[in-house]
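Reader: Please take me through the charged side chains of this protein, with the cut-offs behind each term.

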Amino acid sequence: MTSHLGPTASRMVVQAPRPAGHAAPPTPRRAAVDPARLERLCLELATLVRLGDHHTDEREGVLLDVTIGGVRCLFIEQEPALRVTLSPRERQVALMVAHGRTNQAIATSLDISVWTVSTHLRRIFAKLAVSSRAEMVARLVAEHDYSPLVAPDEP
């Protein structure tokens, strides 16, 4: 018998029912880490480092890349988080946005034009590498410790 199902048709798979009392096969689990094995790997790693017998790539931040006994040891230099500094006016605008103010309300409050508010927001977005007001507020709360200013705790 041939099937005339189109390319978007799905195929249903039916499994035979299990006899009563037979559970599904157990999911394979990884063995517990053997501390003695880790110690041996670390000692061998230290020896390879002393001998200089490992791969590095300074341009990519790779300090060490070596495989020992089927275990890959990869040391990558982690860059510190970039701290972005907002100007005092950018900070004012960002906090007003965080409190739900519109561009017009911010402009009126700060006695500047809506165009200037938009310019400040474009600069803030560029500095924080974000593309929306919500994303900007999330970044400020998460990475710049503005959270006490954005959502102060109430007594």
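Reader: Which residue forms a salt bridge with K127?

Author: This is a predicted model, in which local features need pLDDT of at least 70 and side-chain atom pairs count only at pLDDT 80 or more, while totals for chains, interfaces and linings use all residues. Residues are numbered from 1 along each chain as its sequence is written, and side-chain values use heavy atoms, with hydrogens and water left out. A salt bridge is a side-chain nitrogen of Lys or Arg within 4 Å of a carboxyl oxygen of Asp or Glu, and with the closest N and O atoms 2.7 Å apart, the partner of K127 is E90.

Reader: How many residues apart in sequence are the parts that this pair ties together?

Author: Helices are DSSP runs of H or I with at least four residues, numbered from the N terminus. Because K127 lies in helix α4 (residues 114-128) and E90 in helix α2 (residues 88-98), the parts tied together are apart in sequence by 37 residues.

Reader: Is E90 buried or exposed?

Author: Buried means under 20% relative accessible area, exposed over 50% and partly exposed in between, with a 1.4 Å probe and protein chains only. K127 is partly exposed at 36%, whereas E90, at 5% relative accessibility, counts as buried.

Reader: Which residue forms a salt bridge with R72?

Author: The structure holds 2 salt bridges. R72 is exposed, with a relative accessible area of 53%, and at 2.7 Å between the closest N and O atoms its partner is D65.

Methods:
Helix = DSSP H or I, 4+ residues; strand = E, 2+ residues; numbered from the N terminus.
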